[in-house]
Amino acid sequence: MSETGDDDSGTAPNPFLPSPDDLQHWASVMTRAQQMMLEYALGQAQDDADARPLFDPAKWLDTPATEIWAAQTSKMWEQGVAFWSSLATLQPPFAPSPAEDAPKDRRFSDPEWTANPAFALIRQTYGLLSEQLLATTRQVAGLDDAARAKLEFAAKNMAEALSPTNLALTNPEVIKRAVETRGESLLKGLRHMLSDLSRGQLSHVDPDAFEVGVNIATTPGKVIHETDLYQLIHYAPTTKEVFTVPLVIFPPWINRFYILDLNPAKSFVKWATEQGLSVFMVSWKSADETMKDVVWDDYVAAQVDAIDTIRDLLDVPHVHAIGYCVAGTTLAATLAMLAAKGEADKVKSATFFTAQVDFEFAGELKLFVDDNYLALLQQLSAPGYLDGRYMAATFNSLRGRDLIWNYVVSNYLLGNDYPPFDLLYWNGDTTNLPAKWHRQYLVDLYRDNRLVIPNSLSVCGTPIDLRKIKTPTYIQAGREDHIAPLASVWRLMDHLSGPKTFLLAGSGHIAGVVNPPAAGKYQYWTGDNSAPTLAEFEASATETKGSWWPHWIGWIAEQDARKIPAKGARIPGKGKKKAIEDAPGRYVKQR
């Protein structure tokens with residue numbers, strides 16, 4: 001062996017084959033792997049635990065086109081056999097022609113996918129077969145739009161799952177890493193996988209990397225009010241004067257509230273206090289058996305209770321309110337109910353972060369509202385609540401390549417260390433949902449779209465009509481949002497009657513919202529708020545680089561710019577509502 005690492009013949013070692021000197025170490029790796037799997041199996045048997053991986057909710061989708069799909073299968077197999085037969089006629093060495101105009105696919109970034117004939121063949125084969133799968137799906141006859149969308153979603157997920165990058169033996173990067181580490185990378189990946197199986201959830205980050213209230217969700221404040229459904233956090237002011245009108249934030253109950261308080265550099269809460277706002281945050285309780293009868297009325301009543309609690313505490317007539325995602329949907333119902341009861345002035349302004357009220361264009365999430373899926377939900381929600389891991393898996397499946405298979409490769413096959421990414425930690429910090437309310441939400445809103453039908457729904461005994469909402473509103477949407485699509489969020493402009501400001505932010509459902517000015521990322525567009533269509537708004541829009549937060553605080557100041565000294569009840573726990581505990585409170589930490 002020479003000093004360069006080559007053998008005596010001058011031939012470089014094969015990066016895809018272990019060295020004979022490493023075989024003993026590989027045997028040790030195999031032994032340890034077997035021991036790990038045995039310990040996992042014994043642990044599962046002793047715990048009698050149901051550790052469903054929950055990684056592929058696409059399997060929850062029942063396809064009514066099964067019979068039609070079966071009729072097409074023989075055609076696909078015939079085409080597949082012909083394809084493989086043509087490959088058999090190729091003479092080695094196989095020299096694939098590079099597709100210069102092909103879009104970049106990060107899955108195949110390793111040079112071996114192009115330079116190595118074997119892996120180039122695997123890649124081209126996968127590309128042709130996945131295209132054939134998707135094309136055949138689109139050609140299936142006799143489907144209505146809903147069935148076709150469901151079939152295409154399942155086919156897309158199948159194609160992504162079958163990528164050769166997802167298998168150790170067909171991924172050159174994985175093989176080379178395994179050889180370099182003498183198998184330790186595979187052993188580490190196995191450890192990651194077994195840990196996730198035990199948790200019943202795919203991990204994006206190290207579950208022990210963050211602790212709520214210690215290095216995440218750390219903005220100072222006090223819990224000053226709580227019910228069986230939520231806690232109300234009052235954050236400490238950071239300016240000598242504060243706006244007279246306070247701000248209450250309603251985060252989605254399908255996630256933890258601290259997406260808006262990740263760390264000091266990203267925290268919308270901290271930034272808002274620095275702008276002179278008295279900030280209150282609702283922290284929803286993760287559902288348990290005691291919440292089996294909770295419905296939409298309870299969440300609307302909780303929002304009204306929070307509004308009234310703040311008004312009474314600070315002795316003010318109204319508040320500014322923010323509703324994020326599904327809590328924005330509920331905020332619209334709250335505003336409609338208050339308007340119907342002649343109490344609309346309790347809310348000075350309403351801001352909607354990526355929220356929907358009209359679900360006609362709600363995107364791929366509408367695939368999960370048919371009778372078969374609802375029946376499965378009922379089965380999974382037998383204790384009276386839905387395990388939040390199912391919702392997390394559903395959202396991950398909408399971006400399966402990025403949020404599932406990317407981490408399968410990184411965590412399991414390559415054995416990489418988890419990245420210390422607070423946003424991904426939040427994404428995996430799931431919240432359980434009240435079963436009755438979750439089903440009601442899917443049926444009444446996503447499936448039947450009743451919220452936009454005047455008086456079709458009643459809340460707390462009051463029929464609601466969105467057209468009665470005349471509260472000034474600020475509507476923010478994300479250009480690349482796959483949870484609340486832009487076209488769907490725009491519909492708020494069609495159904496509300498008060499003055500409206502629409503803002504289109506760069507990026508998606510999370511990064512489009514959590515975009516602090518100091519980061520200098522993305523951009524936003526403002527335009528003609530009287531435009532009758534989204535297309536006309538976009539045609540009139542002007543792009544501004546950076547965060548949209550300063551634009552929003554300017555709009556808030558336009559509603560009421562008066563300020564008062566930050567003292568007395570403006571200090572958490574100093575008014576008639578005494579501190580119960582420090583922020584972020586108990587509810588956000590409950591499983």
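**Entry 1: helix α7**

I started with α7, whose 16 residues reach 23 Å from the first C-alpha to the last, close to the 22 Å expected at 1.5 Å a residue. The expected span I used is 1.5 Å times one less than the number of residues in the helix. Helices here are DSSP runs of H or I with at least four residues, strands are runs of E with at least two, and both are numbered from the N terminus. This is a predicted model, in which local features need pLDDT of at least 70 and side-chain atom pairs count only at pLDDT 80 or more, while totals for chains, interfaces and linings use all residues. Residues are numbered from 1 along each chain as its sequence is written, and side-chain values use heavy atoms, with hydrogens and water left out.

I listed the buried residues of α7 as S185, L187, G189, L190, H192, L194, D196 and L197. Buried means under 20% relative accessible area, exposed means over 50%, and partly exposed is in between, with a 1.4 Å probe and protein chains only. Just after α7, I found G200 with a positive phi of about 70°.

**Entry 2: whole chain**

I counted 19 helices and 17 strands in the protein. Of its 591 residues, 53% count as buried. I then took the contacts with a separation of 6 or more, and residues 24 or more positions apart account for 80% of them. Contact means heavy atoms within 4.5 Å.

**Entry 3: helix α13**

I looked at α13 (residues 400-413) next. It has 14 residues, but its end C-alpha atoms are only 17 Å apart, short of the 20 Å that a straight helix would reach at 1.5 Å a residue. Where does α13 bend? I found a bend of about 25° at N406. The bend at a residue is the angle between axes fitted to the seven residues ending there and the seven starting there.

α13 is mostly covered, with 10 of its 14 residues buried. These are G400, L403, I404, Y407, V408, V409, S410, N411, Y412 and L413. I traced what the buried residues of α13 pack against, and the list is α5 (145-161), α6 (172-180), α7 (184-199), α12 and α14 (422-428). After α13 comes G415, with a positive phi near 65°.

**Entry 4: two helix pairs**

Two packed helices are described by the angle between their axes and the distance between the axes. I took axes as lines fitted to C-alpha atoms, for helices over the stretch in contact, with angles from 0 to 180 degrees between N-to-C directions. Angles under 35 degrees count as roughly parallel, over 145 as roughly antiparallel, 65 to 115 as roughly perpendicular and the rest as oblique.

For α12 (residues 388-398) and α13, the axes come within 5 Å and cross at roughly 110°. The two helices are therefore roughly perpendicular to each other. On the α12 side I noted F395, N396, S397 and L398, which meet G400, L403 and I404 in α13. The residues of this contact divide into 4 nonpolar, 3 polar and no charged. Ala, Val, Leu, Ile, Met, Phe, Trp, Tyr, Cys and Pro count as nonpolar, Asp, Glu, Lys and Arg as charged, and the others, Gly among them, as polar.

For α4 (residues 117-139) and α5, I read an angle of about 170° with the axes 9 Å apart. That makes α4 roughly antiparallel to α5. The α4 residues in this contact are Y126, S130, L133, L134, T137, R138 and Q139, and they meet R148, L151, E152, A155, K156, M158, A159 and E160 in α5. I sorted the contact residues into 7 nonpolar, 3 polar and 5 charged.

**Entry 5: backbone exceptions**

Most residues other than glycine have a negative phi, and most peptide bonds are trans. I noted C325, which is not a glycine but has a positive phi of about 55°. C325 lies in the loop between β6 (319-324) and α10 (326-340), and it is buried at a relative accessible area of 9%.

T354 also has a positive phi, near 40°. I placed T354 in the loop between β7 (347-353) and α11 (371-380). Its relative accessible area is 1%, so T354 is buried.

Which residues does a cis peptide bond join? I found A583 and P584, with omega about 10°. P584 sits in the segment after β17 (581-582).

**Entry 6: L496**

I located L496 in the loop between α17 (492-495) and β13 (500-505). At 5% relative accessibility, L496 counts as buried. Leaving out residues up to four places away in sequence, L496 touches F352, L466, I469 and T473. L496 and T473 are 23 residues apart in sequence and 8.6 Å apart in space, C-alpha to C-alpha.
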